[in-house]
Each structure stands twice: as C-alpha cells, then as structure tokens.
Amino acid sequence: MYNHRTLKLITDIDHLPPALAASISPEERAYIEGIAARGGLPFAVTPHFASLAGPEKDDPIRRQFMPDPQEAQGDPFALEDPLGEACHRVAPRLIHQYQNRALLKTTALCGGFCRFCFRRVWVAEEAPFISAAELEPVQDYLKVHPEIREILLSGGDPLRASDERLEWLFQELRAARPGLQTAGPRLPKADSALSLRICTRLPITAPDRITPELIGLLSRFSPLRAAVHINHSRELSPESRRALSAIAEAGIPVLVQTVLLKGINDDAETLLTLFRECRNLGLIPYYLFQLDLAPGTAHFRLPLKQGLALYRKLQILGTEPENNSSSVPLLPGNLVPAYAVDLPGGGGKIRLSKKSIAGETVLPAGRAYLLKDKDGKLWPYPVD
Ligand code: SF4
C-alpha cells in the first residue's frame, strides 16, 4: 500500500543511471556537493524521471533536475517568495488570493526537485503531511468564506501522501462547509459544492503512483480536477501516458500546466507537439507560464518579449491554416493554453499579451517592464 516512503528518490548523483552519472562534469559535481552547505535546493529525482534523461548537458529532461552551477549566479530581480504568497496567507498553510479559490499547501514533499521551482524555499526532502491541528484553521476559514468555490491542493505534491491521508483530507475539507457533498457515489454538482484541484507532477515523475485505487478515490470526490505539470513531450513516457489516460478516462478533468523554460521548450514546434500529444491523451492544455522570479533560476527565463513572440506564433500555427507552413499538425485555437505570469511579489496571475506591458522603467535591479494587473496597478518584471 502506497505511503510517502514508498517513493524512493535518487539523492546521490552517483546513484543515477551510469550514462547520466558519467556525464556529470567536475564543475557540476563541485556545485552539487556544495548545495547543502549553501542551503540551496537539494538534488533529488525519481528513478523514472532520471531514466528519461539523456547524458547531453542540454537534454531537456536532464536540465530540469540536474543542478547547474549557473544557479549560483546572482539575479537582482530574484525574490524568496516570488508569488508574494505571504501577503495572501490567511492560515499557516492556506493562501487566499483570488475571490473564488484558495490554495492549500498540503506537504513540502515532491517527486524530485525541479531546478526552476518557485517554491524552492518550501519544498523539502522530509516533511509531514498537513495535520489535523493545521487543518483546523483552514476549516474555520472555509466555513466563513462561502465565496471560495475551489481548493487547490498543492505543495510540494499532494500525491506524495497515502490514499488514506488524501481521503481524510478530502473528507475534512468537504465537511468544513455545511451542505456540501461528501465521499460517496458521484452526485450532481451542488451549487455550493467545494471543488478540489489536485496540483501534481507525479503522473510524470512517478507514474506508478497513479494506481486504480487512487483513481477510484479521486473519482469518489467529484467535483475534482487534476492539474498536471508537464513541460516537454519527452516527459510523456508510455507509463505516464497510461497514467494520464486512466485519470482522464475516469472522467476526471486533467488540466496541463507548462512552464516556459529557456533552452528546454522555448520553440513553437516543441510546445505544439506537447499540446497535441496532451490533447490526444484527453488532457486540456491550460496554462503556459512565464517563469517566476525564484532565486537561482534566471538561466531558465526566456525574455518576456521573446515569450510574447513565441506565443503569437503558437496562436498563428494553431488558428490560421492558410498561413501554416509548419509540419506540425494544427491545434484548435482553444487548445493553445493561456500564456500567463504571476505578477512578482503578490500581484496575482494575469494573461500576457502586448497590451499587458504598460511601459518600461529602470530599477536598481535593472531594466523592467511595467505589467498592468486587472485593476491597472503596475508591477515590474525584468526585461531580460
Ligand atoms: S513539482 Fe512543483 S513544487 Fe515540486 S519541485 Fe517541481 S516545481 Fe517545485
């Protein structure tokens, strides 16, 4: 039976598959060996995700988990709390930033550590799942905030918990507000039903976690959606495809969130291939995120103007057949996900277009665009 100790992570680079271990340069090794002393994001990857990586330094899977000495380069724009979650924290693990939804940090455990992680200060190698004592203030808050219609269960990765802990959490959340449906056969959506959204990367990094028992559990707690983080079609191994299809076939909507990563997926063909393959599996490409300003991640950041040009290309390839000279099959326009950024420091998510840029300024950190939120307030985001 799965519990949080079932998943074994590789935390020693010498335990990687031989070709990968042999590909580690002296500079990388020296950097990795010094991470703990510097208090940086540890190295950890699942055997499954490591098995998908090639030994080349620019391999799109390898780069996502292999620590890179470039992480040590300073970034004057970097923020410890890039999304400004502290400004919207209403209970120790609950963030309420948008009127109709809130985010619950269920655990700090993950299925390995992405080198571009925006919660790098939060995620950890050893951490408990949310406790009853920690959940109590969350329930109290939900009881007096009926405007919250959806809870995003995030972390870390909530699916690191056992089915029993997840079931307990789902039941407790649903019990927090009178009149909500609880575990049992699928019921029609009640107007007041509190939706659950499971934010996870385990179908990609550890597809074995998606057992029939887990899918059965998720199915019993409708309305419930999964939001799966996928950045490249190479992540869609046969095992992951089976896991994702099984979730979708169980009637659980699967939203795909992709982080735009320089040198990994920053070209139209790579992204269109990913979105097309996701669509073929019954998944919904949902968001393409401009990178958050977490420390040690600037080498993954595609300049915003390039991101906008790339997104325009995606839209053209997806929606204007007469202009399409690419070999990539077309996508219906509504399946090209929204291009969005979380405004640094707590401004919330906005969809990006040329109109989002209200101007440019020079800050002590460097040149920055001024991005406009829905209320017209301006937020700086680096030009480069
Ligand atoms: S899965 Fe998400 S929370 Fe976990 S390390 Fe990757 S980006 Fe961070």
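This is a predicted model: local features need pLDDT of at least 70, side-chain atom pairs count only at pLDDT 80 or more; totals for chains, interfaces and linings use all residues.

Lysine 57 is partly exposed, with a relative accessible area of 43%, where buried means under 20% relative accessible area, exposed over 50% and partly exposed in between, computed with a 1.4 Å probe on protein chains only. Its side chain meets that of glutamate 28 in a salt bridge at 3.8 Å, N to O, a salt bridge being a side-chain nitrogen of Lys or Arg within 4 Å of a carboxyl oxygen of Asp or Glu. Glutamate 28 belongs to helix H2 (residues 26–33) and lysine 57 to the loop between helix H4 (47–51) and helix H5 (62–65), so the pair ties together parts that are 29 residues apart in sequence; helices (H or I, at least four residues) and strands (E, at least two) are DSSP runs numbered from the N terminus.

Residues are numbered from 1 along each chain as its sequence is written, and side-chain values use heavy atoms, with hydrogens and water left out.

The structure holds 20 salt bridges. One of them joins glutamate 85 to arginine 119, with the closest N and O atoms 2.7 Å apart. Because glutamate 85 lies in the loop between H5 and strand S1 (89–91), and arginine 119 in the loop between strand S3 (101–105) and helix H6 (132–143), this pair ties together parts that are 34 residues apart in sequence. Both glutamate 85 and arginine 119 are buried. Arginine 197 pairs with glutamate 150 in a salt bridge whose closest N and O atoms are 2.8 Å apart, linking strand S5 (residues 195–200) to strand S4 (residues 150–154) across 47 residues. Arginine 197 and glutamate 150 are buried as well. Elsewhere, Asp14, Arg29 and Glu33 are linked in a network of salt bridges.

Turning to the ligand, the residues that surround it are Cys110, Gly112, Phe113, Cys114, Cys117, Val123, Arg201 and His229, each having a heavy atom within 4 Å of it. By class, this shell has 5 nonpolar, 2 polar and 1 charged residues.

Helix H11 (residues 268–280) has 13 residues and reaches 18 Å from its first C-alpha to its last, close to the 18 Å expected at 1.5 Å a residue. Its buried residues include Leu271, Leu274, Phe275 and Cys278. Just after H11, glycine 282 takes a positive phi of about 90°.

Note on methods:
Ala, Val, Leu, Ile, Met, Phe, Trp, Tyr, Cys and Pro count as nonpolar, Asp, Glu, Lys and Arg as charged, and the others, Gly among them, as polar. The expected span of a helix is 1.5 Å times one less than its number of residues.
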